[in-house]
Amino acid sequence: MSIIQTPDSSMVIIGSDDQINLLRKCCVRDKAVLNIDLTFNLGPFEVTSLTFKNTAQKNQNTDSNSSPIILGPAMIHIIHRQARYIHIVAMLSAGRIMN
């Protein structure tokens, strides 16, 4: 399990090491789309789920043979602004999200 905290302590990313490694591989190297979905409030915190296509797998039971969409790590944060999501994408692109 990995817990990654932003420098200003306003957000943590929680996920398994496998989730974080696969997220980096699929979304940074393979350019899969990262979906960011604010899901619910948890007291003073916001919980946001990250989903993406697992480019390492293909759905063999579909006509398109597309990659399955999987659940990635979760973000728990106190600031709900677009800049927060841009920050997470910038951290991914720079390779600063690592376990």
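Okay, let's start with the cysteines: searching the whole structure turns up zero disulfides, where a disulfide is a pair of cysteine sulfur atoms within 2.5 Å. Before I go on, this is a predicted model, so local features need pLDDT of at least 70 and side-chain atom pairs count only at pLDDT 80 or more, while totals for chains, interfaces and linings use all residues. Residues are numbered from 1 along each chain as its sequence is written, and side-chain values use heavy atoms, with hydrogens and water left out.

For the cut-offs, buried is under 20% relative accessible area, exposed is over 50%, and partly exposed is in between, with a 1.4 Å probe and protein chains only.

Now the sheet. We have five strands in an open sheet, ordered β1-β2-β5-β4-β3, and the pairing is antiparallel. At the edges sit β1 (2-5) and β3 (34-42), each pairing on one side only. From one strand to the next, the twist averages 25°; axes here are lines fitted to C-alpha atoms, for helices over the stretch in contact, and angles run from 0 to 180 degrees between N-to-C directions. Strands are DSSP runs of E, at least two residues, numbered from the N terminus, and two of them pair if DSSP finds at least two bridges between them. As a reminder, strands of a sheet pair through backbone hydrogen bonds, either parallel or antiparallel.

β3 and β4 (residues 45-53) run antiparallel, joined by eight bridges; Asp37, for instance, has Ser49 in β4 as its bridge partner. Next, β4 connects to β5 through seven bridges, again antiparallel, and there Phe52 is partnered with Ile70 in β5.

His77 is buried, with a relative accessible area of 0%. What does its side chain contact? The side chains of His77 and Thr48 are joined by a polar contact of 2.7 Å. By polar contact I mean a pair of N or O atoms within 3.5 Å; within protein, one must be able to donate a hydrogen and the other to accept it, and residues adjacent in sequence count only if both atoms are side-chain atoms.

Definitions and conventions
Helix = DSSP H or I, 4+ residues; strand = E, 2+ residues; numbered from the N terminus.
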